[in-house]
Amino acid sequence: MFKKLASWDSIIILLTVLVLIVASVVVDNFGTSRNFTFMVLDLMPIILVALPMTFIIITGEIDLSVASVLGLTSSLMGWLWNHDMAIQTIIPLCIVIGAVAGALNGFLITGLGLPSLAVTIGTLALYRGLAFVVLGDSAVADFPFNFTGWVTGTLGDGSIPNVLIPIIAMAVVFGVILHATPVGRALYAIGANAQAAHFSGIRVARTKLWLYVVSGAVSGLVGVLWTLRYSSARADNGAGLELAVVAAVLLGGVSIFGGKGSLPGVLAGVVLLTALQNALRLEDVSGQALNIVTGALLVLSVLLPNIVTTVRGNWQRRRLRQSAAQ
Amino acid sequence: MAEAIALLEVHDVTKSFGAVAAVQGVSFPLYSGEAHALVGENGAGKSTIVKMLAGVHRPDTGTLRVNGADVDFAGPADAKAAGIAVIYQEPTLFPDLSVAENIAMGNQPLTRLRQIDRKAMHANADRLFARLGVHIDPTRPARGLSIADQQLVEIAKALNLPAAENPRNNQMTSEARVLIMDEPTAALSGVEVERLFAVVRSLRDEGAAILFISHRFEEITELCERVTIMRDGKHVATELVADLTVDDMIRRMVGRDLSALFPKQDVTPGEVMLSVENLSREGIFRDISFEVRAGEIVALAGLVGAGRSEVMQAVFGVDPYDSGAVKIRGKRLKPGNPRAAMAAGMALVPEDRRQQGLIMDLSIERNITLPRARKLARLGLLFGGAEKRAAATWAEKLQTKLGKLSDAVGTLSGGNQQKVVLAKWLATAPQLLIVDEPTRGIDVGTKAEVHRLMSSLAADGLAVVMVSSELPEVLGMADRIVVLREGRVAATLTRAEATEESVMYAAMGQEVAA
């Protein structure tokens with residue numbers, strides 16, 4: 001099975017490199033350091049939310065409420081800042097609130113046994129609605145520059161954005177957990193066969209609950225980063241981001257049915273999606289058309305691995321038949 | 001009776017699943033106007049016969065005949081069209097539809113406007129119930145009916161074949177009417193059984209043929225004229241019930257050569273490892289108590305559905321229990337917590353390899369190390385091939401035939417999959433091993449290996465609990481046998497007391513013959 005994953009990973013990684021090369025040659029300004037900075041900033045919310053999302057989808061569940069948790073924490077951040085709370089208190093508080101929102105998802109799913117798709121569609125609407133209750137249609141913009149500037153700034157005078165450091169650090173942590181710890185092993189086991197995982201002493205419900213808490217906390221953190229990046233706390237921040245995240249995760253080779261996938265594949269999926277959108281935007285393609293790309297990639301990402309598996313299966317069967325005939 | 005037309009005939013039928021021959025060359029006729037019992041141990045092939053008659057399976061060789069003509073059922077619909085209806089132990093009604101709707105399912109009467117004719121549907125249900133002599137409101141939903149009433153609805157449904165639309169056509173000879181009942185009385189009380197039998201008798205007197213499968217001998221002697229006995233997929237005898245005693249039937253069901261099996265080595269039992277005290281779970285099992293000592297193999301015997309697996313799953317903690325206690329070395333174990341059970345030295349090789357024992361899509365290596373991943377990790381990390389080494393060691397010890405450890409476990413044969421499950425749990429170095437149907441569906445050679453392994457593990461001081469439906473295995477391996485019947489301990493037999501007959505008597509609720 002690992003081989004199969006490796007091969008899908010390499011297809012996606014190869015495709016990503018190809019898109020990057022073609023885009024730098026064909027698209028004006030794509031390969032500039034300025035554009036690189038922008039791309040990393042665009043990539044940041046998708047990649048960070050995709051990390052816990054990968055875990056959740058591998059266990060066979062889903063979390064569609066991530067973008068709404070982001071919007072909720074962004075709103076709260078603005079509201080608390082307007083009420084004179086110190087930014088040093090607001091930021092950790094927002095992450096905790098994200099975690100609480102995730103815990104509610106997790107409780108409804110593991111405690112009450114409700115389907116995650118239905119629960120998180122519900123909380124997608126619920127948390128976004130709460131965000132509007134908190135801040136309405138207004139925006140809060142006067143966040144301190146040393147925070148907003150750090151998020152949009154680069155290391156020294158170079159073109160490496162500051163936010164790349166937490167991105168890489170978190171990707172490494174999530175990658176190691178998934179691929180080299182007992183927790184990672186348990187996630188695959190739960191997704192492939194939850195009953196057998198239970199019989200092997202894995203705490204299925206508790207593990208899933210924690211995944212939703214982490215997903216909520218990361219979404220809260222991204223809400224903070226998003227607000228600082230645009231210097232704007234708004235209730236509609238990040239609307240529709242869950243679509244891009246799920247598309248990237250599936251494009252990266254994670255099976256929507258659970259039990260299969262790898263983090264390097266997901267990272268490549270995120271880069272591929274972002275680079276494509278960035279290149280198209282530089283070519284003056286409209287935002288609505290970009291949604292078409294995201295949607296098409298989502299469908300392709302589910303379709304392609306199936307085609308690959310089918311073709312490979314047929315090929316193996318033919319080989320078996322041949323060897324049996326000999 | 002001999003000159004009557006054979007409504008249905010099973011003729012020299014064979015059916016294999018993989019390498020296992022479930023039914024081998026079985027023949028028996030079923031006549032109009034008779035109730036015919038089909039008996040045999042678990043795994044004797046009764047269910048396979050039923051499934052072939054129901055059109056679920058197709059015979060590999062041999063034929064089924066209806067009214068003397070060969071038939072070939074492509075699916076259950078064909079069997080139904082031929083007039084064969086099957087009532088299973090668990091009724092399969094749609095709970096939210098009305099009784100009448102359930103009866104008419106797939107065969108609804110229509111008005112001229114092609115709407116469902118509810119009036120006709122209810123009248124039809126009333127007519128069927130009148131014929132069966134029972135009173136069930138056709139307009140009520142099926143949900144909430146007792147199991148007995150649900151079965152009566154199933155029977156009404158079975159009788160509601162397309163030809164029944166003309167109520168005047170009562171000539172049973174014109175259409176085959178075979179009613180197959182697979183352990184219909186298992187969940188019924190005495191009064192309900194009587195009512196069901198009254199219905200069955202009236203159908204029989206109208207010319208239907210009944211194939212009745214039951215483990216309760218008193219029911220067979222009461223209801224049936226003839227009995228077909230099966231053993232290990234083969235036909236043993238078809239005789240008049242009146243000519244046989246219950247002892248005769250049991251002897252023919254179990255009679256088998258025991259010498260081919262591996263008797264367990266004698267071991268002096270050590271300290272008490274496991275004590276189960278008055279364990280109960282509402283509706284599943286009650287007041288289960290037994291002890292297992294180091295070096296002992298204790299078998300849990302009984303019929304399918306007696307609650308054996310459920311008890312052991314509650315002991316291991318994958319299922320909850322309501323009251324009682326599970327103690328390991330005298331220390332009470334936290335209920336409903338497999339992790340605590342594992343920490344206390346317990347391991348469970350479950351009954352269902354595909355759903356409970358293994359994760360088919362994961363590699364052999366990952367499967368073997370799954371319960372132990374946390375122990376194999378260094379500083380929380382699994383690097384440097386620790387899993388591979390551990391998996392290789394155990395795969396080797398059990399002589400598992402495999403390509404690469406990284407292959408999906410689903411690619412292995414059943415016997416080798418079973419070895420992987422054993423490897424997975426033996427690698428945790430348990431002091432108490434629970435094995436549930438350890439040799440089900442595996443070939444004879446591997447079976448012997450598994451028996452030898454269990455014997456040597458017990459000799460090394462392991463306490464073993466074995467759930468098994470195979471009597472020779474139970475008798476060959478166990479030091480003591482706890483027989484469960486309907487969720488309760490029916491008997492505890494020592495090795496000296498245990499014979500195939502005494503275990504079967506206890507499992508079926510018969511007095512041991514003096």
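The model is predicted: local features need pLDDT of at least 70 and side-chain atom pairs count only at pLDDT 80 or more, while totals for chains, interfaces and linings use all residues. Residues are numbered from 1 along each chain as its sequence is written, and chains are lettered from A in the order in which they are written.

**Chain A**
- Chain A comprises 13 helices and zero strands, helices being DSSP runs of H or I of at least four residues and strands runs of E of at least two, numbered from the N terminus.
- Its radius of gyration, taken over C-alpha atoms, is 21 Å, close to the 20 Å that the globule rule (2.2 Å times the number of residues to the power 0.38) gives for 326 residues, so chain A is as compact as a globular protein of that length.
- The C-alpha trace of chain A spans about 80 × 55 × 35 Å along its principal axes.

**Sheet in chain B**
- Four strands of chain B form an open antiparallel sheet in the order β12-β11-β14-β15, where pairing requires at least two DSSP bridges between two strands.
- β12 (285–293) and β15 (331–332) of chain B each have a single partner strand and stand at the edges, so one side of each lacks a neighbour in the sheet.
- Six bridges join β11 (residues 272–281) of chain B to β12(B); B:Leu279 has B:Ile288 as its bridge partner in β12(B).

**Contact between the chains**
- The contact takes 18 residues from chain A and 26 residues from chain B, contact meaning that C-beta atoms, placed from the backbone, lie within 7 Å.
- On the side of chain A that touches chain B, α8(A) gives the most, with five residues.

Conventions
Contact = placed C-beta atoms within 7 Å.
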